[in-house]
Amino acid sequence: MAIDEKAVAALSDRVLGPEHKGLPPGAWGRTAREFLATEPFLDEFETPLLTLDRDALSTNLSVMGDWARAAGVRLAPHGKTTMAPQLWSEQLDSGCWGITLATVWQVQLARAFGVSRIVLANSLVDPVGLRWVAAELARDPDFEFCCWVDGVAAVALMDEILAGEPDAARVPVVVELGGPHGRTGARTGADAHAVADAVQRSRRLTLAGVGGYEAALAHDRGAEGLAAVRRYLDELVRLHRAFADAGRYAGRAIVTAGGSAYQDLVVEYLAELADEQGAQGIPTTVVLRSGAYLIHDDGFYAGISPLAADRADRPLRSAMHVWARTVSRPEAELALLDAGKRDMPFDLGLPVPHYVAGRDSSSLPSGATISALNDQHAFVRLPGGTVDDLPVGSVVRLGLSHPCTAFDKWRLIPVVDDADAARPRVVDLVHTFF
């Protein structure tokens, strides 16, 4: 079992209340299941409101799943993007190999929902968390886990933490390769080999593979950025082959990379290493950790993903929007909305106005933009506009950038049947855990 479906289904029995922003007071005191049985429409909710699009979610699951299968790689999407077990369940049901997470607390939450295969894409040197993981591995032989390690000092510390746990299982670790001016990760191949030497001497750890995050080295698809990613992936391939040739792995091996910006290059370089039956040596699973594909966006990923609309025959679609209401028209070319930094992501680009709800896609003046966000307000600039373009009380649909910093602002996210419909209906409620 990849996830405990009963635990996920039980989320529908959670009682709704005023802590779930955007829900109408008529939902308070009802369970999510009871409220959804009333078949509510989106315009019955309060603003501001973040929503997901059911049709876009289904499309993205299919597009990315088919793409990965055709490439011969496995998917372990980064669960920190949504922190939503309901969505993890859909991803695992669609064929994903596992779930990636970033902190030991996130791992503990995933285990509470029965996730059986987890990649912790980070070092684990927190004493309480590391001891818990080692005990969990010993308790449940079906639990598969690995975490990053990128330095000899980290290996020594992990050994020290686990020294007093005689019944704990060995913890599988992946040697993380980094790059100049990147984030974490051994900076050179020689450094990575030194880490592997330390792991092999350890009585508490076992070497499970190599991995890293290529998007730490580039932020666009320009020639220089793509060249940096290619150099990094080439080094990762060489590192894995050197480890395999030297017999460093204790059984199977994992080679893992991949955010949601350069999946095409990851596949180009790593897919040839996939050999799960060990026909050419050590059994090797290539794992792609893209986290943003399920939600995608109308900003950063729409501009950089190889599966964006202008780069792919079957593109990903943005599945998230915020609906915000006009609360002030103090100037002819300025409108203030009731959504701000507390409601929408802004770290990788400001929201984009799409149209006025209930009107056609040309309902906003050409060139309408959001120029700034306060905590609870958005400034909409309307070049050449009048107060009739966006009257007080009108609702605007906004496109967003970067799902990772959208979900963390919402405990409960309505799912609509079709965000492009004249009157979308809410068909599900997704619980998040941040």
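Mentor: Start with the surface. The accessible surface of the protein chain is about 17,600 Å², and carbon and sulfur atoms hold 50% of that. This is a predicted model. Of its 434 residues, 55% count as buried. The chain has 11 helices and 17 strands. Its radius of gyration is 23 Å, close to the 22 Å from the globule rule for 434 residues, so the chain is as compact as a globular protein of that length.

Eight strands form an open sheet in the order 2-9-8-7-6-5-4-3, and the pairing is parallel. Strand 2 (74–75) and strand 3 (99–101) stand at the edges; each has a single partner strand, so one side of each lacks a neighbour in the sheet. Further in, strand 7 (residues 205–211) pairs with strand 8 (residues 253–257) through three bridges, in the parallel sense. G211 has T256 of strand 8 as its bridge partner.

Next, a helix on the sheet. Helix 5 (residues 104–112) lies across strand 3, strand 4 (117–123) and strand 5 (144–149). It runs at about 170° to strand 4.

Then the packing. The largest nonpolar core has 134 residues. L52, L87, W88, F145, V171 and L270 have the most contacts inside it. Helix 9 (residues 223–245) supplies the largest share of this core, seven residues. Leaving aside residues up to four places away in sequence, L270 touches L233, L236, V237, V255, A257 and V286. Another core, of 10 residues, lies apart from the largest one; W97, C146, V174 and A208 are among its members.

Key
Residues numbered from 1 in each chain as written. Predicted model: local features only at pLDDT ≥ 70, side-chain atom pairs only at ≥ 80, totals over all residues. Heavy atoms only, no water. Core = buried A, V, L, I, M, F, W, Y, C linked by side-chain atoms within 4.5 Å. Buried < 20%, exposed > 50% of the residue type's maximum accessible area, 1.4 Å probe, protein only. Helix = DSSP H or I, 4+ residues; strand = E, 2+ residues; numbered from the N terminus. Contact = heavy atoms within 4.5 Å. Pairing = 2+ DSSP bridges. Axes fitted to C-alpha atoms, helices over the stretch in contact; angles between N-to-C directions. Rg over C-alpha atoms; globule rule 2.2 N^0.38 Å. Areas by Shrake-Rupley, 256 points an atom, 1.4 Å probe, with all protein chains shown as cover.
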